[in-house]
Structures are given as structure tokens and as C-alpha cells.
Amino acid sequence: MEAQQGTQQLHLALAHKLFLLSHPDIDDIEKVRLRDEVLDAVKAHDMSSLYETLAAASVLEMDAAVLDSMKRRIDDELKKLDDKIADAEENLGESEVREAHLAKSLFYIQIGDKEKALEQLKTTEGKTVAVGQKMDLVFYTLQLGLFYMDFDLISRSIDKAKNLFEEGGDWERKNRLKVYEGLYCMATRNFKKAANLFLDSISTFTTYELLSYDTFIFYTVLTSIISLDRVSLKQKVVDAPEILTVIGKIPHLSEFLNSLYGCQYKSFFSAFSGLTEQIKLDRYVQPHFRFYMREVRTVVYSQFLESYKSVTMEAMATAFGVSVDFIDLELSRFIAAGKLHCKIDKVAGVLETNRPDSKNALFQATIKQGDFLLNRIQKLSRVIDL
């Protein structure tokens, strides 16, 4: 899933490689290649603090000469940047002073010094007047947060961006923020909100510094399948021209989506097993792998049972291409967890659905609350009478 336009921000590409280096499913030969690429990126951008961290974690081997060389280059570059700031403050205008401070902020981001980068970005913000330029500083902060998976920093930055948009701001930056927020929601297991934000951004996607359009469509389909009802899924995802142009490039994704909508459950499970490898190797979704697996199975089992008042377990097992014992074990777990509304007649080998009636449930809840209120009023009247 390579970027089609623009380039992914260096630190986010590096973060993905570091994630793969720590992944148990990556073979040793691939890890050797990844380790070389990480080391080259660290050296090329003088990321001395990250180099020390990775060496301490035994991801890279410590070379004192390399570290000293990086630190010397950092000191030389910082001296040049400070001289430019001093010169701008003495001889040039406010915009030049801001640009000099911004250059120093970007250098701290480049070398991976999070604390100093955040401090310098704050200083740069103090020199910034335009809302659009302030938003760009927030985007730099969000990229730092995504590199370090600092969800508190990301959340605060998103709130700050929304407050800035109340003062003004262009649509292009607003649409970019939706992708940042969607990625944050997905990484924090708020798949429903992530799906809505991604779907809003499909036709206006320009956030190539975060991820490629192919990867963006991959996330959109993954989050939509467990968040949207069948009608919305058809309108917003299955028939969406922006998704149709890309989905065929991503292995198993088209079959995963269309077999679910077309009720081809055997094909769906086959595609799903192929997609699990991609999900496991994604740094944003992998922490929620087991949760996502359960949610997808809940969706597909619910869709199958929706068509029946009762159905034999053998028929369901045949439809999914699995054994009766597997279906029995699977459904018993979901029923016990309250995810599926049906019961198993083990003797007859039949599943009987007992879909909850939402109107009846609302009526019962109203009656219960009414009884509770009447009881409180009666108790209160006794007190008043006394």
C-alpha cells in the first residue's frame, strides 16, 4: 500500500518499521533489512536521542563514534538556527522571525527530540498570527503524537485545532483534521466515529503525510464494516466510486466487503483470514486485533441469523464452511456475552432467534420508570401529611 501522491512523513514511516521490528510474526531476515533501514534513517537525520533509546533496548548496536558525530552535527545546526533567529530579530520583520523559529521547530522534529520540539512549536505559535499557520503547527504536533503514540497529546491537539477553527480556517485544513482525528479514534478503538470521519474525507483526501490513499481506503472499509448498518454500508462504501477505484489493489479487501454484503459467508471467512495478516501488521489496528475479530464475527453471524426464526446448526455451518462443533462453540460464546440474540437447542441441533423488540423494550422501560416515580411520590406524600 504505497503512497500515490505526496510522501508519508519520515517519522511515521520510521515508526511503522520500528513497530514491525518488535513484531513476533516478522521473520529474522526481514528484521535484518528493517534494522538496516532504521539505522540509515536515524543516521541521515541525526536522531541521536532515538538512537540511544533503540540501543538501550537492544534494537540497534551502540556505536559511540556515530553518536558523537550526530551530536556534533546537531550542535552545529542549532548554532546556525539560533544565529538566524538572532539576525531576524535584530534586522528583519515579524514574519522572518517566525520563519526562523519554525525552522528550529522542524529541526527538533527531524532529530526526534519530542520535548524540545513541543517547546519550540509553542514559541513559534507565540510569533504566529494567521489561523491557518497556527493550524499547521497543530498538525506538526499531531504527527509527533502519532509517532510516539501519545494519545493525551493527540487528544489535546485535536481539541485545540477545533477551537482554532471556530476563529476561522479553510476547508482543506478542516478536512485534513478529520483524517487525523479518524486515525486517533481508530487507534483508541472508537471505530464508529473513525468510520464516519473517514467517510466524510473520502472525496477530499489530501493527508498524504500521514498515509497513502490505498491505506486510507483500507482503514475506511475496516471501520465501516463493524460500524454501519447494511443500507448505509451499501450507499457509503460498497457503491462509493472513490472506494471502487482503489479497493481492487488491496489484497482480499474487495472480497471481504462484497461477500459480506452479498451474504457469501464462506468467501467472507476466506477473505477475512487473508486480511488478518494485514491487520496484525498495522500499528494502529493491531492492539485491537482480538476486539476487531469479535466485532466482525458478531456482524456476520447477526446478519445470517436475521433471515431466520430458526435454522439448523448444520445449515449455518455449511453456509460458513466450518464444522458444526465450531459454530456451536462460537455462538455459545457470543450468546453468553449478549452479542447475539438467539438460543441453541443442542438436542434438536437448531438455533432459535429471539430478536429483542425495541418498541416493546421501550414500553417496558417506561412502565418501570413510571412505577418508580409513583412510589417516590407516595413516599413523599406520606412525609408531607406527617
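**Close-ups of a predicted model**

**View 1. Asn258, a partly exposed spot.** Asn258 has a relative accessible area of 34%, so it counts as partly exposed (buried is under 20%, exposed is over 50% and partly exposed is in between, with a 1.4 Å probe and protein chains only). Asn258 belongs to helix 14 (residues 253–261); helices here are DSSP runs of H or I with at least four residues, strands are runs of E with at least two, and both are numbered from the N terminus. Look across to Val237, 21 residues apart from Asn258 along the chain: their C-alpha atoms are separated by 9.9 Å.

A word on the model itself: it is predicted, so local features need pLDDT of at least 70 and side-chain atom pairs count only at pLDDT 80 or more, while totals for chains, interfaces and linings use all residues. Residues are numbered from 1 along each chain as its sequence is written, and side-chain values use heavy atoms, with hydrogens and water left out.

**View 2. Aromatic pairs.** The count of aromatic pairs comes to 25; to pair, rings of Phe, Tyr and Trp (its six-membered ring) need centres within 6.5 Å, with planes under 30 degrees apart called stacked, over 60 edge-to-face and the rest tilted. Tyr219 and Tyr284 make an edge-to-face pair, 6.3 Å centre to centre with 90 degrees between the planes. This one links distant parts of the chain, 65 residues apart: Tyr219 is in helix 11 (residues 213–225), and Tyr284 is in the loop between helix 15 (265–280) and helix 16 (289–305). Tyr219 is buried at 3% relative accessible area, and Tyr284 is buried too, at 7%. Phe268 and Phe269 form a tilted pair, 6.2 Å centre to centre and 45 degrees between the planes, and both are buried.

**View 3. An aromatic cluster and the core around Phe256.** One aromatic cluster takes in ten names to look for: Phe256, Tyr265, Phe268, Phe269, Phe272, Tyr301, Phe304, Tyr308, Phe320 and Phe334. Phe256 and Tyr301 also have the most contacts inside the largest nonpolar core, which has 101 residues; such a core is a set of buried Ala, Val, Leu, Ile, Met, Phe, Trp, Tyr and Cys residues joined through side-chain atoms within 4.5 Å. Helix 16 gives the most to this core, with 9 residues. Leaving aside residues up to four places away in sequence, Phe256 touches Leu222, Ile225, Phe268, Ala271, Phe272, Leu275, Tyr292 and Val296 (contact means heavy atoms within 4.5 Å).

**View 4. Charges over rings.** Lys174 lies over the face of Trp171, 4.7 Å from the ring centre. Arg176 puts its charged end over the ring of Phe139, 4.2 Å from the centre. The rule asks for NZ of Lys or CZ of Arg within 6 Å of the ring centre and within 35 degrees of the ring normal.

View 5. Strand 3 (residues 350–353) runs antiparallel to strand 1 (residues 310–312), with 3 bridges joining them; strands pair if DSSP finds at least two bridges between them. Thr312 has Val350 as its bridge partner. Strand 2 (residues 342–345) is also antiparallel to strand 3, through 4 bridges, and Lys343 is partnered by Glu352. The hairpin of strand 2 and strand 3 has 4 residues between the strands, and in it Gly349 takes a positive phi near 70 degrees.
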